[in-house]
Amino acid sequence: EIEEIKTIVNEIDKNNVSQYLINAREIKRWIEDRNEINPPSSAAKDKEERRLGDALSRIRTELIKPYINMKTEEEREQYRKKHPELDEVMLIVSDIDKNLSPYLRNAKEIRRWMEDRKTTKPPAIRGKDEERRLGTALDRIRNSLIKPYLNLKTEEERKQYREKYPELDEVMTIFSGIYMNYGNEAQKSLAQLIQIDFQKRKEIEEAKKL
């Protein structure tokens with residue numbers, strides 16, 4: 001009887017709850033079930049994690065970002081009426097962001113900063129205020145997280161490093177995307193090394209399946 005009630009309630013929820021909220025709750029459960037700090041990544045190999053990573057990205061860009069960019073309280077009020085799920089979704093995403101590693105949190109902030117300005121040019125250390133802070137963070141990501149990884153000589157060393165920094169792949173994906181589009185020769189070279197590492201690991205995984 002209880003299982004039947006649960007089934008009925010779930011069906012009602014599916015018909016009345018927005019997909020954004022359904023996905024946000026799924027993402028929250030995914031993090032809690034795995035005792036994770038970092039959210040699911042859209043660059044993950046696991047299909048379910050990749051699906052939830054894509055869903056989180058859509059929540060940020062399609063639901064939350066338009067609301068944040070609104071200029072007047074009247075616009076925001078109308079948006080909240082249209083999306084009654086907004087408060088709960090934003091609370092879930094806020095909790096997720098609080099627990100992100102500093103490297104991943106800064107990488108996501110940098111990407112959002114660039115998207116908001118519709119630019120391919122990353123924030124510069126010589127910029128002002130927020131740009132300078134993000135430019136410094138980008139430099140720290142490169143020198144403190146990515147370069148030490150790429151300088152490791154063996155796959156075993158790199159595997160141990162990735163286990164220590166589970167956010168590494170997502171950070172490198174964001175980082176290489178930034179510098180493949182805009183960067184000096186050294187920065188583009190580093191971005192290419194990241195792509196080579198991704199490709200090499202993919203080939204190793206495919207070889208293991210044979």
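Predicted model: local features only at pLDDT ≥ 70, side-chain atom pairs only at ≥ 80, totals over all residues.
Residues are numbered from 1 along each chain as its sequence is written, and side-chain values use heavy atoms, with hydrogens and water left out.

**View 1. The overall fold of the protein chain.** The protein chain has ten helices and zero strands, where helices (H or I, at least four residues) and strands (E, at least two) are DSSP runs numbered from the N terminus. Along the sequence the pattern reads α-α-α-α-α-α-α-α-α-α. Taken along the principal axes, the box filled by the C-alpha atoms of the protein chain is roughly 60 × 50 × 25 Å. Of the 210 residues in the protein chain, 35% are buried; buried means under 20% relative accessible area, exposed over 50%, and partly exposed in between, with a 1.4 Å probe and protein chains only. Among contacts (heavy atoms within 4.5 Å) between residues at least 6 apart in sequence, 55% join residues at least 24 apart.

**View 2. The packing of helix α6 against helix α7.** Two packed helices are described by the angle between their axes and the distance between the axes. Helix α6 (residues 102–116) and helix α7 (residues 129–150) pack at an angle of about 130°, and their axes are 10 Å apart; axes are lines fitted to C-alpha atoms, for helices over the stretch in contact, and angles run from 0 to 180 degrees between N-to-C directions. The helices α6 and α7 are therefore oblique to each other, given that angles under 35 degrees count as roughly parallel, over 145 as roughly antiparallel, 65 to 115 as roughly perpendicular and the rest as oblique. The crossing in which α6 passes α7 is left-handed, a term used if the near helix is turned anticlockwise from the far one by less than a right angle, with right-handed used if clockwise. On the α6 side the contact is made by Tyr103, Asn106, Ala107, Glu109, Ile110 and Trp113, and among the α7 residues that take part are Leu134, Ala137, Leu138, Ile141, Ser144 and Leu145. By class, this contact of α6 with α7 has nine nonpolar, two polar and five charged residues, where Ala, Val, Leu, Ile, Met, Phe, Trp, Tyr, Cys and Pro count as nonpolar, Asp, Glu, Lys and Arg as charged, and the others, Gly among them, as polar.

**View 3. The surroundings of Ser144.** At 34% relative accessibility, Ser144 counts as partly exposed. Leaving aside neighbours within four places in sequence, Ser144 is in contact with Tyr103 and Tyr161. The C-alpha atoms of Ser144 and Thr61, which are 83 residues apart along the chain, are separated by 29 Å.

**View 4. The packing of helix α7 against helix α10.** Helices α7 and α10 pack at an angle of about 50°, with 11 Å between their axes, and they are therefore oblique to each other. In a left-handed crossing, α7 passes α10. The contact is made by Arg142, Ile146, Lys147, Tyr149 and Leu150 of α7, together with Gln187, Leu190, Leu193, Ile194, Asp197 and Arg201 of α10. These residues divide into six nonpolar, one polar and four charged. Gln187, placed in helix α10, counts as buried at 18% relative accessibility; not counting residues up to four places away in sequence, Gln187 touches Arg142 and Tyr179.

View 5. The side chains of Arg201 and Asp197 meet in a salt bridge (2.9 Å, N to O), a term for a side-chain nitrogen of Lys or Arg within 4 Å of a carboxyl oxygen of Asp or Glu. Both residues lie in helix α10 (residues 185–209), four residues apart, about one turn of the helix. Arg201 counts as buried at 7% relative accessibility, and Asp197 counts as buried at 3%. Arg158, Asp169, Asp197 and Arg201 are linked in a network of salt bridges.

View 6. The structure holds 16 salt bridges, including one between Arg25 and Glu88, whose closest N and O atoms are 3.0 Å apart. Arg25 lies in helix α2 (residues 19–33) and Glu88 in helix α5 (residues 86–98), so the pair ties together parts that are 63 residues apart in sequence. Arg25, at 29% relative accessibility, counts as partly exposed, and Glu88, at 32%, counts as partly exposed. Asp97 and Arg60 also meet through their side chains in a salt bridge (2.7 Å, N to O). This pair links distant parts of the chain, with Asp97 in helix α5 and Arg60 in helix α3 (residues 47–68), 37 residues apart. Arg60 counts as buried at 13% relative accessibility.
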